[in-house]
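Dear colleague,

Please find below the sequence and the structure that I am handing over to you. My notes on what was found follow directly after.

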Amino acid sequence: QEHLVESGGGLVQAGASLRLSCSGSLRSFSRWDMGWFRQDPGKAREVVATINWSGGTTYYVDSVKGRFTISRDNPKNTVYLQMDNLRPEDTGVYYCNLDPSVSGGFLDWGPGTQVTVSS
């Protein structure tokens with residue numbers, strides 16, 4: 001069973017940094033474009049950043065451009081999200097999964113990791 005597990009979240013003050021990690025048993029991990037997603041209570045899950053299979057192309061939602069950096073280590077089957085200069089509006093549960101614009105769908109969602117930014 002393929003699965004992904006996120007880690008690295010926490011409670012921080014505005015302006016702080018966190019580094020999220022996502023790893024799992026995804027077969028042929030290096031073939032897949034991946035993404036980080038955030039879900040706020042009562043709202044739909046939305047994309048935050050994506051990265052192509054090689055790491056050479058990335059996308060960021062406007063609200064995190066210049067503050068977040070997505071990267072990957074294919075030999076370790078891991079995707080990272082470096083989050084700098086965090087803001088209270090970055091608060092939410094963060095998940096990783098396939099980039100659906102390329103894969104056409106998602107794997108089963110992992111547990112996510114909670115990020116809480118206090119003002």
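I begin with a charge and a ring: the charged end of Arg45 sits over the ring of Tyr95, 4.2 Å from its centre. The term applies if NZ of Lys or CZ of Arg is within 6 Å of the ring centre and within 35 degrees of the ring normal. Arg19 is likewise placed over the face of Tyr80, at 3.9 Å from the ring centre.

Please note that this is a predicted model, in which local features need pLDDT of at least 70 and side-chain atom pairs count only at pLDDT 80 or more, while totals for chains, interfaces and linings use all residues. Residues are numbered from 1 along each chain as its sequence is written, and side-chain values use heavy atoms, with hydrogens and water left out.

Aromatic rings

A pair of aromatic rings is described by the distance of the centres and the angle of the planes. Rings of Phe, Tyr and Trp (its six-membered ring) pair if their centres lie within 6.5 Å; planes under 30 degrees apart count as stacked, over 60 as edge-to-face and the rest as tilted. The structure contains 4 aromatic pairs. In one of them, the ring centres of Phe37 and Trp109 are 5.4 Å apart and the planes stand at 90°, so this pair is edge-to-face. Phe37 belongs to strand β4 (residues 34-39) and Trp109 to the loop between α1 (100-103) and β10 (113-118), so the pair ties together parts that are 72 residues apart in sequence. Here helices (H or I, at least four residues) and strands (E, at least two) are DSSP runs, numbered from the N terminus.

Tyr95 and Trp109 also form an edge-to-face pair, with 5.7 Å from centre to centre and 80° between the planes. Since Tyr95 lies in strand β9 (residues 92-98) and Trp109 in the loop between α1 and β10, this pair ties together parts that are 14 residues apart in sequence. Ring pairs link Phe37, Tyr95, Phe106 and Trp109 into a cluster.

Which of these residues are buried? Phe37 is buried, with a relative accessible area of 5%, and Tyr95 is buried at 10%, whereas Trp109 is partly exposed at 29%. Buried means under 20% relative accessible area, exposed over 50%, and partly exposed in between (1.4 Å probe, protein chains only).

Strand β8

In strand β8 (residues 78-83), 5 of the 6 residues are buried, so the strand is largely enclosed by the rest of the structure. Two strands pair if DSSP finds at least two bridges between them. Strand β3 (residues 18-24) pairs with β8 in the antiparallel sense over 6 bridges, and Leu18 has Met83 as its bridge partner in β8. Strand β7 (residues 68-73) and β8 are also antiparallel, over 6 bridges, with Arg72 opposite Val79.

Salt bridges

The whole structure holds 4 salt bridges, each being a side-chain nitrogen of Lys or Arg within 4 Å of a carboxyl oxygen of Asp or Glu. Arg38 meets Asp40 in one of them (3.9 Å, N to O), and Glu46 in another, with the closest N and O atoms 3.2 Å apart. Arg38 is buried at 6%, while Glu46 is partly exposed at 37%.

Asp90 and Arg67 also form a salt bridge (2.8 Å, N to O), and both residues are buried.

Yours sincerely
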